[in-house]
Amino acid sequence: MRRRSDVRITPTTPCGMDLHQGGMGPQGAWTVSLDGQRKAALEVGRTRLLVAGAIFLLAFLAVGLRLADLALLSETGEPRRAATPSAAEALETQRAEILDRNGQVLATTLPTSSLYADPQKVIDPQGAAMALARVLPEYSVASLQAKLSLDTSFTWIKRGLTPRETARINRLGIPGLDFVREERRFYPHGPLLGHLVGYTNIDNVGQIGLERSFDEVLRGRNEPLRTSVDLRIQHILSDELGKAMREWRGIGAAGIVLDAQTGEILALASLPSIDPNAPETIPDDAFLNRATQGVYEMGSVFKVFSTAMALETGAVGLTDGYDVSEPIRVGRHRIRDFKPKTGMLTIPEILLFSSNIGTVHMTMAAGTEAQQRFFRRLGLLERPSLELPDLAAPKLPPIWREINTMTISYGHGLAVTPLQTARAMAAVVNGGQLVPATLLKRSRGERLVAEQAMSRETSQKMKWLLRLVVERGTGGFADAKGYRVGGKTGTADKLDPNGGYAENRRIASFLSAFPMDAPRYVVLAMIDEPKPTEYSHNYATGGWVAAPVVKAVVERMAPLLGVEPLAGETFDRHEQGQPLAIPANLAGRHVASR
Amino acid sequence: MILRWSTLFWLGLFAAAVGLLFQIAHAVEDLEGRLRATQEQIHRDREAVHVLRAEWSYLNRPERIARLAERHLQMMPLTAPNISRISALPPRPEDMEGRTFAEGPPPPPRRPAPELAGWRAQMPQAETRPADTPDPIGDLVAATLRPAAPQPVAKTPSSGARETAHAAPRNPVTGAPLPVRPRFVSESR
């Protein structure tokens with residue numbers, strides 16, 4: 001609001017001199033100029049106003065900027081979780097799940113509460129202990145009271161409470177007790193996969209099995225670990241092995257089902273089993289995983305590899321034969337047959353009737369070097385690779401003499417794990433490729449790194465021979481109708497702790513593959529120390545003990561895995577044990593003179 | 001002089017803005033509360049799903065399923081003769097074109113397993129199945145086509161007074177008695 005007046009105020013110099021007109025203006029108006037005290041006061045007021053205005057301006061500017069910043073630029077304080085959670089996604093846990101090949105849960109982590117006490121805050125240790133003992137009956141009042149009277153500020157009472165226990169302890173309202181939310185590993189299938197999956201300790205650190213070998217992986221991610229194991233096959237294998245172990249009063253058993261083409265392990269059982277949900281109850285002698293950590297002299301099962309070796313090196317052909325009437329004498333040793341035959345046996349017959357003498361003859365025709373080379377190519381002389389901790393290395397003879405070559409040819413003097421045996425068998429039947437065994441599910445179309453251990457022709461011949469053993473030889477009890485099982489029995493004497501071989505302690509095994517026209521699965525069953533029964537005419541051999549296990553396993557698993565049974569293939573059992581009408585080309589090779 | 005229209009207008013706008021701001025702030029707070037509650041619910045649900053998955057796996061233990069199936073279901077293990085190909089099935093009655101069983105039906109096409117045949121041929125001692133030996137799948141087909149021959153009534157060991165009261169269950173095609181499984185006391189409710 002300007003004041004209207006006639007007075008024109010014009011700029012003047014400090015001494016009152018008008019800078020424009022000087023003296024009187026044209027309209028005769030006066031130039032008024034202020035000076036002295038009043039002017040000074042006015043000047044001060046103006047300066048203060050300016051300063052105050054500038055401060056206010058700055059302050060408003062700051063507020064405005066902050067407003068713009070809050071409204072437009074920053075999103076702090078907004079809950080950002082809105083995007084992440086979804087009910088379909090898996091719960092974040094400290095340790096990932098382990099699944100079987102079909103997605104069944106083998107190991108998972110469950111949220112639980114753990115109870116701890118701060119004894120210094122507990123007012124009445126005796127009363128609290130008595131109340132607690134009523135909820136936790138496995139603890140005595142005395143032990144609880146001792147814990148609650150400790151001179152520390154922290155002590156665990158019980159870890160891994162059930163939700164019901166948690167609620168009841170909460171209701172007691174004892175001061176000084178508190179819960180910690182923890183996670184506990186849970187194994188829904190318990191002893192079925194005890195050795196394979198393993199277990200963790202209370203702090204969720206893997207102790208044995210897959211839990212240990214994949215400890216870091218499982219802890220680092222939330223994605224489940226998908227194994228190659230098929231829960232159903234594992235159950236079948238372990239069920240049948242358990243039945244056989246009880247029937248023959250064995251001290252243990254082991255079994256493997258292996259995919260012959262991909263090397264995936266579908267089932268791996270070791271009995272007696274262990275319960276991963278209660279690791280403290282496991283007896284010490286049950287920890288051994290017989291399939292991967294136990295080394296055994298496999299016995300006649302090795303004749304499969306010896307025969308393959310002799311055929312591969314060309315030392316013998318299918319129509320060659322040897323005289324097996326006479327035991328072989330080497331130094332003070334004598335190599336005999338379990339059921340001696342007389343006369344000449346062809347190569348198929350030697351395998352069919354499991355003749356030690358014949359196998360030694362054909363191995364010696366190939367030589368020690370060839371045997372070592374071939375067994376090395378089959379992975380029988382080195383520690384196998386698998387995703388399990390503490391794999392056993394095979395036990396080789398310190399010096400590989402001629403006598404070792406002879407005994408190893410029929411499975412004594414070289415101790416290997418059942419895993420290696422099954423893997424070598426896969427190579428024998430799948431066209432000669434040694435595929436690395438694995439416990440992880442292979443992805444579709446995955447390229448396999450496999451070594452050619454033998455030629456396709458040898459593999460083809462071996463398939464025929466192995467089928468023959470089951471059709472007409474010692475493996476008759478393994479003949480699952482329609483599924484073309486082929487395999488080889490094995491009965492090995494166990495080593496006596498006092499030296500030499502024990503008389504009545506043996507390992508009965510059966511190494512097989514099916515269907516033999518295009519083998520898909522290798523099945524190995526092994527019973528430790530079976531006792532002969534009257535029913536078996538006092539035999540406890542691989543053919544009596546382990547072959548029926550394989551038959552039952554194959555009959556149960558084949559429909560699940562879509563193996564088509566074929567008609568035909570039946571064979572008159574009365575002919576069993578009769579020599580085959582195979583034209584023999586008897587060169588009369590002898591090694592007995594060596 | 002002090003209360004001009006423009007002042008009133010700005011004051012009104014200010015009041016409206018304040019009111020709107022309060023309402024929005026309140027609505028946001030409410031939504032945030034609901035969001036938090038929903039998130040908690042999702043977390044609880046996920047935890048429950050997780051625990052239930054473990055429980056589902058626990059209840060699906062193969063040995064438990066086997067035990068329950070044995071107890072409650074009349075099922076038998078699937079054996080090789082039970083499995084066949086569609087092409088190995090006998091022709092349907094309407095495809096028989098008036099031919100009767102007595103004249104003999106057209107032989108069902110049977111696939112001779114090409115790989116197996118080839119594999120056998122390569123072997124030095126390829127075997128052929130003797131004519132008289134049983135053939136699990138072929139026999140099943142043959143039995144289906146043959147007119148139902150009078151079958152001896154099988155006396156099953158478990159057949160008691162109750163079993164003989166009404167006829168044993170029979171295969172509708174062949175008339176052969178179906179396998180009888182011994183029942184448990186707990187099942188006969």
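Mentor: In chain B, 15% of the 189 residues count as buried, where buried means under 20% relative accessible area, exposed over 50% and partly exposed in between, with a 1.4 Å probe and protein chains only. Please keep in mind that this is a predicted model: local features need pLDDT of at least 70 and side-chain atom pairs pLDDT 80 or more, while totals for chains, interfaces and linings use all residues. Residues are numbered from 1 along each chain as its sequence is written, chains are lettered from A and ligands numbered from 1 in written order, and side-chain values use heavy atoms, without hydrogens or water.

Chain B has five helices and zero strands, giving the pattern α-α-α-α-α along the sequence. Here helices (H or I, at least four residues) and strands (E, at least two) are DSSP runs, numbered from the N terminus. Contacts are heavy atoms within 4.5 Å; among those in chain B between residues at least 6 apart in sequence, 60% join residues at least 24 apart. Chain B exposes about 14,600 Å², with 65% of it supplied by carbon and sulfur atoms (Shrake-Rupley method, 1.4 Å probe; for residues, only the protein chains shown count as cover).

Now to the spot I would look at with you. The second largest pocket has a volume of about 1,100 Å³. Its lining has 27 residues, and the closest to the centre are A:His235, A:Arg556, B:Ala66, B:Ala69 and B:Pro77. Helix 2 (62-72) of chain B, along with helix 8 (231-247) and helix 17 (547-561) of chain A, each supply at least two lining residues. The most comes from helix 2 of chain B, with six residues. On a 1 Å grid over the protein atoms alone, a pocket is an open set of points with protein on both sides within 12 Å along at least five of seven lines, a cavity is a set where a 1.4 Å probe fits but cannot get out, and lining residues have an atom within 4 Å of a point. Points are joined across faces, edges and corners, and a volume is the space filled by probe spheres set on them.

Of its 14 lining residues, the closest to the centre are A:Pro191, A:Leu192, A:Gly194, A:His195 and A:Ser270. Helix 5 (194-197), helix 8 and strand 7 (265-271) of chain A give two or more residues each, with strand 7 contributing the largest share, four residues.

Elsewhere in chain A, A:Pro436 sits in the loop between strand 14 (433-434) and strand 15 (451-452). A:Pro436 is partly exposed because its relative accessible area is 28%. A:Glu264 is 172 residues away in sequence from A:Pro436, yet their C-alpha atoms are 8.4 Å apart. Not counting residues up to four places away, A:Pro436 touches A:Thr262, A:Gly263, A:Arg423, A:Arg442 and A:Val449.

For contrast, A:Thr405 lies in helix 13 (402-409) of chain A and counts as buried because its relative accessibility is 0%. Beyond four places in sequence, A:Thr405 contacts A:Thr363, A:Met364, A:Thr368, A:Gln371 and A:Trp400. A:Leu61, in helix 1 (37-73) of chain A, is exposed, with a relative accessible area of 51%.
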